[in-house]
Amino acid sequence: MFELYLDTTNTVQLERFNKALPLKGITTNPTIIAKSGLGLKENLSHCVKILGPTARFHVQTISNTYEDIIKEAEQLNTLPYDIVVKIPATEIGLTAINHLKTTPIKVLATAIYSVQQGFLAALAGADYLAPYVNRIDAMGTNGIAVVADIQQLIDQHQLNSILLPASFKNTQQVMEILKLGVGAITLAPEVAEQLFTHPAVQPAVNQFENDWKTVFGNKLSYES
Ligand code: E4P
């Protein structure tokens, strides 16, 4: 089942988009949490009230040694939520992922900028992989091609990782990624908003309303 996430802890945005979109949960990173001005636990307690008890939360570790990443992941996993621990796919991060996948802790390998990094994280057993589509594009490489190659390697080697591409800046990137058959994506609220927006939609709706009112005034469909 496809999983859709919002890349934010902003409660106003979550309230808004949770009504229109079948959100599986949210993804966060240290920048998102720091910008919110609240600690992780306060953020999560606000978000779960909006998204409900089955929401999944992707939360990134801050530690940068193997031992500390493991400890932090174990602590995050004790929080009373469905937590996926995000770990940057560095050499130390991959070592930690290898270990954590001998435990029931769910892991997302994040900060993926290359095909090889994604493939190694999948081999390490990461449950999810987060390649950064727009950040890759911004470096002059092709983010969509990187995701396509990782998906192909996952399929070819029958690995279990779910691709959860992140870092989108426009709907074209989102649609190209969805066509690759990835299992999940995360969208910033600004990009989620763009998915609803097309310059022709509102004029079409307005025209229907005008045509209706010209003949039936303020009657509703079932009253006519
Ligand atoms: C998700 O895992 C990333 O933290 C995030 O989506 C990066 O997005 P950005 O490039 O818009 O900061």
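**Salt bridges, case by case**

Guide: Lys71 forms a salt bridge with Asp68, with 3.8 Å between the closest N and O atoms. This is a predicted model, in which local features need pLDDT of at least 70, side-chain atom pairs count only at pLDDT 80 or more, and totals for chains, interfaces and linings use all residues. Residues are numbered from 1 along each chain as its sequence is written, and side-chain values use heavy atoms, leaving out hydrogens and water.

Visitor: Why is the pair Lys71 and Asp68 called a salt bridge?

Guide: A salt bridge is a side-chain nitrogen of Lys or Arg within 4 Å of a carboxyl oxygen of Asp or Glu. Lys71 and Asp68 have their closest N and O atoms 3.8 Å apart, so the pair qualifies.

Visitor: What makes Lys71 count as exposed?

Guide: Buried means under 20% relative accessible area, exposed over 50%, and partly exposed in between (1.4 Å probe, protein chains only). Lys71 has 52%, so Lys71 is exposed. Asp68 has 33%, so Asp68 is partly exposed.

Visitor: How do you know that Asp82 and Arg56 form a salt bridge?

Guide: Their closest N and O atoms are 2.9 Å apart, so this pair also meets the definition.

Visitor: Are Asp82 and Arg56 buried or exposed?

Guide: Asp82 has a relative accessible area of 18%, so Asp82 is buried. Arg56 has 14%, so Arg56 is buried as well.

Visitor: How many salt bridges are there in the whole structure?

Guide: A search finds seven.
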